[in-house]
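Here are some exercises to work through with the structure open beside you. Try each task before reading its solution.

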Amino acid sequence: MTEVRLALEGIGKNWGRLAALTDISLKVPRGMFLSLLGPSGCGKTTLLRVIAGTLAPDGGRVMVDGADVTRVPTHRRNMGMVFQSFALFPHLSVADNVAFPLQVRGVARAEERERVSEALRMVHLDPLAGRFPRELSGGQQQRVGLARAIVYQPTILLLDEPLSNLDASLREEMRLEISQVTRQLDITAIYVTHDQREALALSDAIAVMNHGRIVQFGSPEAIYRSPADDFVARFVGYANAIPVRIAQGCVRIEDGGCALATPHVGLEGAATAFIHASAVVLKAEMSDGPNRLLCTVVDTAFMGDHVEYVLRQEVGLQLKARTPVDVPVFARNAVVAAFLPPEKLIIVPRT
Amino acid sequence: MSVAAYPAPAGAARTRIVRARLREIVIGGLLTCPLLLFLAAAFYYPLAYTIGESLTPEKGTGWTLKNYAGFLGSRDGLGVLALTLWLALAATLLSLVLSLPLALYLRRRFFGRRALQFLMMLPITIPALVGALGLVILYDRTGWINVVLLKLHVIGAPLRIDYTIHGLILFYVWMFFPYGALVIMSGLGTIDPALEEAGRVMGASPFVVFRRVLLPLVRGSLWAGGVMIFLQCFGAFSVPLLAGGDYLPLGVKIYRVANVFLDWPQASAMAVVMGIIQAGLVIAYQRAGRARHLS
Amino acid sequence: MTAAWLRRLLLLAFALFITLPLVMVLLEAFGSDWFGTAMLPAHWTLRWFVWAAQTVDLVDVMLNTVEIALLATVFTLAIALPAAWAIARYRLPLKPVLIGAILFPRMIPEITFALGVARIFYAIHLTNTAVGIGMAHVILAAPFSVVVLVSSFEGMDPRLLEAGAVLGCGPLSLFRRVTLPLALPGIVAAALFSFLASYNDFVLTLMVYGSDTVTLPVQTYLSLGNGYLSVASAISTILLVPSLLFLLGMLRMVNPETLLGGLKGA
C-alpha cells in the first residue's frame, strides 16, 4: 500500500452559526493529484487553507506523513501554494521571488542560484529571471508562482484556482504546464476548482464538495459515469435531469407517466434520470425507437461546431439537446422526436 | 499605399472650432474669476505685503535684510528654528512608531474596529485648542496621569510633563499621528493579502513576513505619512501656545513678536522663512510622490 | 491566551490615550470643587456655563461664531462652485498652475498669511466685522471645497446628462433633476467642511478679531489667559459639538482612509 501523504480526519470549521466544513475525512496517497471540486461557497478553499495552516479547524486533525500537524504553524508545514491572484512579491524580481523560500531556509547562495534556475527552466521562464512581476503577463506570472511553490521541494503542493485569473485561451496551456510539472516531480497535489473540465482533465481523484461536505470521492471516470447524487451529476455537466419514479423496477417519468427503458436499476422510489445533451438523438416526428419523446423545438442556437436545442415535451418536460452541424437543423416550433438511448441514462436517487 | 489621413478642418469648419474653444476659455475664465480675484485680494496681496514688510526696517523707511539677518543670524532665531524642527522630527518618529502597528492591527476585523477608527480620527477632527487644553489638564502635576501613576507606586514624585519639551513632543504625537496613520492604512490596503499568506506558506515566520514582504511595500506610505505628520508639527500653533511654557516654536514666536512686541517687520521675516520651509517641504513631497508613482 | 490579553490591554491603553484629554475638558466644564489630587470634581454643576453667559457673553460669542461660519460657508460655496465646475468640465489653459494657485493657501502655515491679512484688514477697517472675518475664513475653506466639488463634478457621468436629454429634459430641467441631485452630496460635503473650518478656526481669527466679533475659540483662549480654566473648558465643550457630530456622521458613511482628500474610492 502506498504511503498516505495527507490524511484529514473529521475536519470541521464554523463561521459563527454557519458550518463551512463538516466532518471532512480524506486519505491522499503519495503522488496523487486530487481536485477539490465544487461551486463557490462549498468550502473547498476553506479546506485548502486548513491544510495549509492559515486557518485553524474547529475540530479534526490534519496528518502529514503520519504526523499530526494540526497545531503546527503555517510556516513550518513545508507545503507549497499557488494562488489565484498569483501573489508575487511586487518589489522582488522573478528570480528573487523564486529564491525567497530558499533564502528563508538559509540555503547557500550557490545552491540557491542553481535551484532557482532549475525551477525557472521547468516552467520555461529562465530568460525572464531579471524581470519584475508587473512586466509579465498573467500566464507568465502564474508560472513564476508555480516555480516559486516547488523550488523548495514541498511535501504537498496546494493550488487555489490557479487558472481562474487567466484568459480562457491561456488556461489550457497553463493546465498542461501544471500537469507536466506535477508529474515530473511526482508531487502530491491538492487542486481547488469550480471548473469540472479542469478537475476531470488533471486529477487522479476528485472530491466533489457541496455545503461543506464531500459528497463524492473517486476517479474522474467514476464520478463522470456514476454520479452519487443529482448535485454531482448536475455539477459534472449533465444538462438534462428528468424526475422519475421507480416502482418494481419500472422507471416512469413523473407527471408524464411514460415509461423509460433503462439499464438495470436497483433502486425504488423517487430518482432523477440524467442524460447528456449530446446523447439525446433528434429525428423527424415520424421516426420510432426506444424512449421516444415527442417535443416541440422552443429555441435553437448555432454554435459554430454544434447546434444547441431547447425542447419542450407535451407535458411540460424540458430537454436540452446538442447535435453536430452536419445533420439537418430543426427550426423553431418544429415537432421532433427526441430519443434517450437507454445505455446513456444515469439513474441517481433523489436526495 | 499609405492610408489617407483624415483632412484637418479648414475654412468655415475651422472657425467654428476655434470660436467654440474661445467660448470655452472665456466662460471657464468667468466662472473661475470670482475665486481667483478673491484669493488674489485676500491671500496673495497680503502675502506680498508681508514679504514687503519683512524687507523694511522696524523704524524708518527703505529696504533692508536686517530682519532676516536678525532671525537667521542670531542665536535666538536659530534656536527657535532648531526647536521647531527638532520637535517636529521627534514627534514624527514617535508618531510613526505608534501608527504602523496600529495600522497593521486595524487590517483585520474585530469587535470594536469601528470604534477604534473613530478614536483615531478624534485628534484631527476636534479644534486643536480644545485638544491642547485637555492635554494640559490631563498631564498636569495633579492630573489623572500623575495621580494614577503615584497611586500605583510606579513613580515616587509627580512627573513634570506640561510645559516641558518631552511633554510637548507627547502632545504633538497625540495631535498629529492620525495624519500618518491614515496614510499608512491606505497604503496597507493596497497590498494583496495573498502576499502574506504566500510568504507564510513558503516558510517565512510572521516576523520575517513583516520584514521582507510588508515593510518594503509599505515604505512609501511610511515616508508619505511621516512627511504629513512633520508638516503638521512644523506648523503647530495652539498646542505650543497653551502647553509650550517657555518653549516657543516658530508659529508661536511669530505671534509673540507681532502682537506683543509689535515688531511686525521682524515677525514678517520669520513668517516668510516659515512659509518657505513649509511650502518647500510640500513641493518636495509631491515631487517625490509623483516620481514614485511613475516608476 | 496571553497574547490576546496583551493586545486587549494595549488597545485599552490606546483608547484611553486618545479620549482622556477630552474627558478632562468635560470634567472641568461640568464639575466644581475639583481640588488637588482628587480624581473627580466634588460636585457636578452647570455654573460655569451660566457664569460664561453672564460675564463673557457666551451666547453672543456663540452667535458670532455661527454667524461668521454661515457667512464663510455661503461665500465659499458662491465662489467655489462655479470655479470647480469650470475646472471639472472645461479645458482651461494652465490648469495645473490654476489648481496650484488655489491650493497654495493650504501649503503655508496659517500664521504666515494671517499677519498680512491682519495688516490689510486693519487698514481697510475690516477687522472686528463678521463679514471681514467670514471672508478671511474663506481663504481656509475654499481650497478643500474646490477639491471636493471638482471631484464630485468629475464623477458625474456625462452619459447621465445625455440620458436625461434623450428622455426629454430641457437645460433648466436637466440642471434641476439630474445635475443638482448628483452634485448635492459634494456640495453638502463642501458646505459642512467650510462651516467646520470657520467654526473651529483659531489662528487667523485671533489676528483679526475685535470686541464685537469674539468667537468660541478666541474666547476659550482669552478665558484661559485670565486663568479661568473651568470657564474655558465649558466654552470648549460647546466648541466641540459640531466636530464630534461631523466625525460621527463621517464614520457612519465613509471609510476613514478616504478622508484624506479622497485617496481611495469608498
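## Exercise 1: the fold of chain C

Read along its sequence, chain C runs α-β-β-α-α-α-α-α-α-α-α-α-α. Please keep in mind that this is a predicted model.

**Task.** Find how many helices and strands chain C has, and describe its extent and burial.

**Solution.** 
- Step 1. Count the elements: chain C holds 11 helices and two strands.
- Step 2. Take the extent along the principal axes: the C-alpha atoms of chain C fill a box of roughly 75 × 65 × 35 Å.
- Step 3. Turn to burial: 40% of the 266 residues in chain C count as buried.
- Step 4. Look at sequence separation. Take the contacts in chain C between residues at least 6 apart in sequence; 69% of these join residues at least 24 apart.

## Exercise 2: where chain C meets chain B

**Task.** Work out how many residues are in contact between chain C and chain B, and which elements of chain C supply them.

**Solution.** 
- Step 1. Count both sides: 64 residues of chain C are in contact with 60 residues of chain B.
- Step 2. Assign the chain C side to elements. Those that each supply at least two residues are α1 (2–30), α3 (58–89), α4 (95–103), α5 (110–123), α6 (130–154), α10 (216–225) and α11 (229–253) of chain C.
- Step 3. Sort that side by class: it has 48 nonpolar, 10 polar and six charged residues.

## Exercise 3: where chain B meets chain A

**Solution.** 
- Step 1. Count the residues: 15 of chain B are in contact with 17 of chain A.
- Step 2. Find the elements: α8 (193–201) and α9 (206–234) of chain B each supply at least two residues of the side that touches chain A.
- Step 3. Classify the side of chain B that touches chain A: 10 residues are nonpolar, two polar and three charged.

## Exercise 4: domains of chains A and B

**Task.** For chain A and then chain B, state the domain bounds, the separation of the domain centres and the contact between the domains.

**Solution.** 
- Step 1. In chain A, the assignment gives domain 1 (4–231) and domain 2 (238–349). Taken over C-alpha atoms, 39 Å separate the centres of these two domains.
- Step 2. The contact takes four residues from domain 1 of chain A and five residues from domain 2 of chain A. On the domain 1 side, these are one nonpolar, one polar and two charged.
- Step 3. In chain B, the assignment gives domain 1 (1–54) and domain 2 (66–294), and their centres over C-alpha atoms are 40 Å apart.
- Step 4. Four residues of domain 1 of chain B are in contact with seven residues of domain 2 of chain B. The domain 1 side has one nonpolar, two polar and one charged residue.

Notes: Residues are numbered from 1 along each chain as its sequence is written. Chains are lettered from A and ligands numbered from 1 in the order in which they are written. This is a predicted model: local features need pLDDT of at least 70, side-chain atom pairs count only at pLDDT 80 or more; totals for chains, interfaces and linings use all residues. Helices (H or I, at least four residues) and strands (E, at least two) are DSSP runs, numbered from the N terminus. A residue is buried if 20 or more other C-beta atoms lie within 10 Å of its own, exposed if 12 or fewer, and partly exposed in between; C-beta atoms are placed from the backbone. Two residues are in contact if their C-beta atoms, placed from the backbone, lie within 7 Å. Ala, Val, Leu, Ile, Met, Phe, Trp, Tyr, Cys and Pro count as nonpolar, Asp, Glu, Lys and Arg as charged, and the others, Gly among them, as polar. Domain bounds come from an automatic or database domain assignment.
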